[in-house]
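Here is a short report on one protein chain. Keep the sequence and the 3D view open while reading.

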Amino acid sequence: PLPDALADAAQVRAFLQPPPPAPAKAVLLRAAPAPDARWLVMIDGLDEITVTDDRNKLLQEVAEYAADHPHLYRFIIATRPAPESELAALGDDIPVFRLQPFGPEDLPAVIRGWFTVLDVHDPDKSTDAFLTLVHRAGLGGLAGVPLIIAMLCQLYARDPRRPLPGSRGELYGRFVDYLHEHHDDPGPGGL
């Protein structure tokens, strides 16, 4: 059943020290977390289940469990674009939301927000300079993707004199290196 699967995957230690063993977590997840509250279960990376039948089975099980236990769980399922036929297993009452890329008119405010949080000197001036560098590097199309612009802003804030990555692969590589080097640093950063 779902509580057992959730217990196997859950990181309950954020709430309970020391974390309970899996059977105790399963018992915990069979009841509401508090009066008039529901567990929020996020299933991320549905698209990473490569076998269509397995994705469909998971969606069907989630839909059935949500229908059978409406006062116990709420679900968020994150996926790259999926065929409507697969998402139909969730039923007509389940809303579907699609993230849209940032448009060129959105980017200055997003970048300025990142630079403010990352304590970049003169966020307004830095935003203009950064946008110029993004376009020179040929990354203008990718910059609309929230994950990409978040990574680019953090790399730029770390070293504004260093050229931006020239490809998506180089960006991922440099950002992973950045995360490894700074994962214990206090303050904003990461994703």
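Two residues are in contact when heavy atoms of theirs lie within 4.5 Å. By that test, take the contacts between residues at least 6 apart in sequence: 55% of them join residues at least 24 apart. The model is predicted.

## Overall layout

The chain holds eight helices and two strands. Their order along the sequence is α-α-β-α-β-α-α-α-α-α.

Of the 191 residues, 30% are buried. The chain exposes about 12500 Å². Carbon and sulfur atoms supply 57% of that area.

## Aromatic pairs

A pair of aromatic rings is described by the distance of the centres and the angle of the planes. The chain has six aromatic pairs. One of them joins Y73 and F75.

## Helix α7 and its packing

Helix α7 has 13 residues. From first C-alpha to last, α7 reaches 19 Å, close to the 18 Å expected at 1.5 Å a residue.

Which residues of α7 are buried? They are I148, I149, A150, M151, L152, C153, Q154, L155 and Y156. These buried residues pack against α5, α6 (123-136) and α8 (168-182). An α-helix has 3.6 residues a turn, so residues three or four places apart point the same way. The buried set in α7 includes I149, L152 and Y156.

T127 lies in helix α6. At 0% relative accessibility, T127 is buried, because the limit for that class is under 20%. Beyond its neighbours within four places in sequence, T127 is in contact with P108, I111, R112 and F115.

With a relative accessible area of 46%, D124 is partly exposed. D124 and R112 are twelve residues apart in sequence. In space they are 6.3 Å apart, C-alpha to C-alpha.

R174 belongs to helix α8. Is this arginine buried or exposed? R174 is buried, at 12% relative accessibility. Leaving out residues up to four places away in sequence, R174 touches L155, R162, P163, L164 and P165. L155 is one of the buried residues of α7.

## Surface patch

L40, M42 and I76 form a nonpolar patch on the surface. Together they have about 290 Å² of accessible area.

M42 is part of strand β1, residues 39-44. The relative accessible area of M42 is 52%, so this residue is exposed, the limit being over 50%.

## Positive phi in two aspartates

D36 has a phi near 60°, a positive value in a residue other than glycine. D36 lies in the loop between α2 (22-28) and β1. With a relative accessible area of 87%, D36 is exposed.

D122 has a positive phi too, of about 50°, and is not a glycine either. D122 is in the loop between α5 and α6. How exposed is D122, and what is its relative accessible area? D122 is partly exposed, at 35%.

Note on methods
Residues are numbered from 1 along each chain as its sequence is written. This is a predicted model: local features need pLDDT of at least 70, side-chain atom pairs count only at pLDDT 80 or more; totals for chains, interfaces and linings use all residues. Side-chain values use heavy atoms; hydrogens and water are left out. Rings of Phe, Tyr and Trp (its six-membered ring) pair if their centres lie within 6.5 Å; planes under 30 degrees apart count as stacked, over 60 as edge-to-face and the rest as tilted. Patches are made of residues with over 30% relative accessible area and no salt bridge: like charges are joined within 9 Å, nonpolar side chains (Val, Leu, Ile, Met, Phe, Trp, Tyr) within 5 Å. Accessible areas come from the Shrake-Rupley method with a 1.4 Å probe; for residues, only the protein chains shown count as cover. A salt bridge is a side-chain nitrogen of Lys or Arg within 4 Å of a carboxyl oxygen of Asp or Glu. Helices (H or I, at least four residues) and strands (E, at least two) are DSSP runs, numbered from the N terminus. Buried means under 20% relative accessible area, exposed over 50%, partly exposed in between (1.4 Å probe, protein chains only). The expected span of a helix is 1.5 Å times one less than its number of residues.
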